[in-house]
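Keep the structure in view while you read.

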Amino acid sequence: MPTFEQRLQRLELRLAELGAWRDRAVQNLEGWTFDEGPMAIGDRWPSEEGVRRLSLAEGAVPDGWPLAETRLELIPGGEGMLRLRYADGANDAYGITPWHQRFHLQSGTFSIEAEVVARRPFGQPSRNPTLESGRVVWEDPLITPLYRRLRLALEAAKALEGKDVAELLLDAADAAFRLTRLPTASREYIDRVAPSPMLQDIWSPPAIRAHPEPLPDADREHAQAALDRLATDLARIRRDHPAEGRLAVEGHAHIDLAWLWPLDETYRKAQRTFSTAVSYLDRYPEMIFQQSTAELYQEIKDRDPKLFERIREHVASGRWEPQGGMWVESDQNMPAGESLVRQLLTGQLWFEREFGARNTVGWLPDCFGFTPGMPQLYRSAGIESFFTAKLTWNETNRFPHDLWWWEGLDGSRVLVHSFTHPRGNYNGDPSPESTTGVWNRCRSRRIHPESLFTLGYGDGGGGMNEDMLLDMRAMADFPGLPTLEFGRADALFQRLHRTAAEREVPVWVGEMYLELHRGTLTTQGRLKRLHRRAERDLVAAETTYGLARLRGVDLAAPDLSRAWRLLLRNEFHDIIPGSSIAEVYERAERELSEAIEIAGRAMDANLDALAPAVGGGAGQEAALLVNPDLSTRPLRVRLDQALPGAQPVEGGFVATGVEALEGLSAHILLGAEVPPADSAARAFEGGLENGRVRLDLADDGSIASIHDKRAGRPVLDGHGNQLWAYVDKPRSWDAWDVDMEYPNEGEQLGRPESVEILEPGPHRAALRVRWRYHSSTITQDIRLWAGSARIEFATHIDWRDRRVLLKARFPLAVRSPRATFETAFGVTERPTHRNTSYEQARFEVAGHRFADLSEPGYGVALLNNGRYGHHILGNELGLSLLRSPIYPDPMADEGEHDFVYALLPHLGTWLEGGVLMEAEDLNRPLLARPCHAAGGAHERLLDIGGQPLGLGALKAAENGDGLILRLYEPQGGRGSAEVRPPEGWSLAEELNILEDPAGAPDLEFAPFQVRTYRLRGEER
């Protein structure tokens, strides 16, 4: 008696033999042109660069071939966009990929135009691009479905091995094969099976005729009998072994906005994918398709308006489902809270304008972890449900749920659903292996008896192919498999919400950390610095406009829409993380630089308009200073002009003062007084000092000691600012990952090449320290301001080495079981120990502008203006400065880098000790603009008091009605705020983040709450 595996192997061999007869006849098409030159089947492309044009002036289906059974087969040697045109003016459009190579025809005569690129779906070059096939094919209407159902029967038996139904499926397949008859005449048989691996692997493969004979009619009658018998047997087996489980299937094509290909290729991928999807929607009435990204829709609207209109029609019918609500599928670890608001604001308003409705489901299948502030923002944007698949990628701990409430920092909840594909992906085919694998791994099926299943090829796009759709139809009456039915994600989530209202659903509180891809917090550091600056400058440009309006200045709102969209685009989850090819970063750095330039021009114009209103507009040379945040700032500023008392430094001047600038205030600076001796900063050989701290340098350039004069205690437990270079060769995912074992193979940078006094004081003192590491140089200006405990490390790196991780390490004289890291609109606390496997997996974590380690009454914060990767272990706080992987960008992070990080000892809690204020100041220093003024002046342009808050935005309203003020509670406290607009302005109403009215203004803030208000009035 043969074993199950032996039976399966024998039947698979029979299946391969049957498959050779699926095409009754084939006919090559002649007369191809490539660009403007002739091309024949089998010819190599004469040119591979860029987008090429493959065309055929006239093609025809041979006489006697049924059009419904005929397909065009085109395998051009790369990806492409196919357009079929017919004499009656009709046309078809499809994407060409390795999974989309056969296409329906509407007429027996046609012409072909194809735009092709010598690339495969994941960006790999086609090394020998050749027109492999261009022909029409007559598919056998009996053998094709018989082959399909037999293939599915064998796949189902394999997927269900160990169950009784698996043996019964083999019995049914065996019976069908016994009824089939295939020709045995040597010539006809060899012509058909010669392409098989069995015959292609022999010394001299047999020659075959170009047009093998079709299956004789007598044998086709046997095929019909086999097909009928198989249907009967499957129905009988299904009566005793009904479907197990239910999957709501949705067509899907995850399209990475940029990754292993540049952005322009992404737009072509979208056009191909969407064209294919529209064609299938026209042909398969049961099909539903989902796509998330507003940026891609807008690009299709601009490039292919007819295609966009067809998409719009299918959206209106309910069969094309846009979900996600964001401009792009944004990274979640690095964007600031206001950036995430703009992703939703820009995305939701676009979907409403173009498709008539906002999205209700958040859709981020592929992001590398999820910030704890997101549930609140989703809810405020009208999104109460969320889908991801990425948490199944955890390398250490299996994420415990696939249906759960995600509770954010403020207590807001969204309902999350995920599924676990046996191949660990969100791309799927409806094979028995995939569908049973997803169902068997569904842990929530005891709560709710169905799961989502996304169908189609993705990452590089493509979506579903016709085999998937036909497989789904064929599997409808299969025994033992989950029921598959097309459905919309929003409808599934409505059912899940009903279940969650009746049944207990688990809750996950706080960030959802992905135990993988930790290196994305550091890779492509130049882009990360530009991203942080663009975020900072765009909000400041809006804020200065709002302050000018509040001051009564008649000023048109700056058009920052392009700059915001450039920022949002480059927050895509394979751009800002650093996991794309070099061409992506060449463009991204240009685009973020453009966004910064646009914001800078707007800021300058706003300040120029505000200056005469505050300073009078005439008199002596002065500087207008503006504090664009809510925290009160010390007067500490860099100037472009030489005001009296200012200290010359490289590229300008610096000044300090005893004045404090309240949040959202303006100040006219006429000159700077020399700081008193007890607060002045001074540099000396081997150290820096002011009235608050003293720093002494070690021989290796690290900080030997820091003494906090206010507290009378040391800041460090060992040397600080140790610069360590680690061998960085992760076992997989080069640009993405940092392996847990990286600390085992590192070296501290040794004695520096030089140490010099750069700035002696008194406003600011600085030492310049320069190291060489192999082929790279690291230069740091270690700076101390008058009256400040903040020690800055202004860092310039010229990096010329590969596969190295560079870190700064600070062992602190502080002991605490938890450290605090800034995140979007708040903070998250993480353990300083690694007791459990969850804590051990978090050896590299995200932080925005600061991380802090505090004990009662005292702490130390590590600030930065463009770095995100941190580590905390015991009393050591560290910051990742740079890494240089080789895939997919062999020269990632090569060249010049400039950024600043700082150490801030403080008294009290991190908020009491000014950590947020100092982090804001490091990232967005006081704005300074040369002006003329009759004398000194100071104005509070918008007075906000009470509970300490952070500023999200002060901007023009989307509908032009007043100003929008967004505030957030940053520390997890609770209390009342006071908002006192200037005369003529009022706090009119509260809004959600989409700027819809939400009632009368409420100034009571719960922990980490984000509130949005409208300010309305006449300028005074």
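## Before we start

This is a predicted model, where local features need pLDDT of at least 70 and side-chain atom pairs count only at pLDDT 80 or more, while totals for chains, interfaces and linings use all residues. Residues are numbered from 1 along each chain as its sequence is written, and side-chain values use heavy atoms, with hydrogens and water left out.

## Helix H10

Helices and strands here are DSSP runs numbered from the N terminus (H or I, at least four residues, for a helix; E, at least two, for a strand). Helix H10 takes in residues 337-355, and its end C-alpha atoms sit 27 Å apart.

Is H10 mostly covered or mostly open? It's mostly covered, with 17 of its 19 residues buried. Buried means under 20% relative accessible area, against over 50% for exposed and in between for partly exposed (1.4 Å probe, protein chains only). Just after H10, Gly356 has a positive phi of about 85 degrees.

## Strand S44 and its partners

Two strands pair if DSSP finds at least two bridges between them. S37 (residues 804-811) runs antiparallel to S44, joined by 7 bridges; one of the pairings is Pro811 with Glu876.

S43 (residues 869-873) is also antiparallel to S44, with 4 bridges, and His870 has Leu879 as its bridge partner. The hairpin of S43 and S44 has 2 residues between the strands, and Gly874 in that hairpin takes a positive phi near 65 degrees.

Most residues other than glycine have a negative phi, and most peptide bonds are trans. Now for some exceptions. A cis peptide bond links Gly761 to Pro762, with omega about 10 degrees; Pro762 lies in the loop between strands S33 and S34. Another cis bond links Tyr887 to Pro888, with omega about 5 degrees, and Pro888 lies in the loop between S44 and S45.

His517 isn't a glycine, yet its phi is positive, about 60 degrees. His517 is in the loop between strand S20 and helix H15, and it counts as buried because its relative accessibility is 2%. Gln524, in the loop between S20 and H15, has a positive phi near 60 degrees. Gln524 is buried too, with a relative accessible area of 3%.

Note on methods
The expected span of a helix is 1.5 Å times one less than its number of residues.
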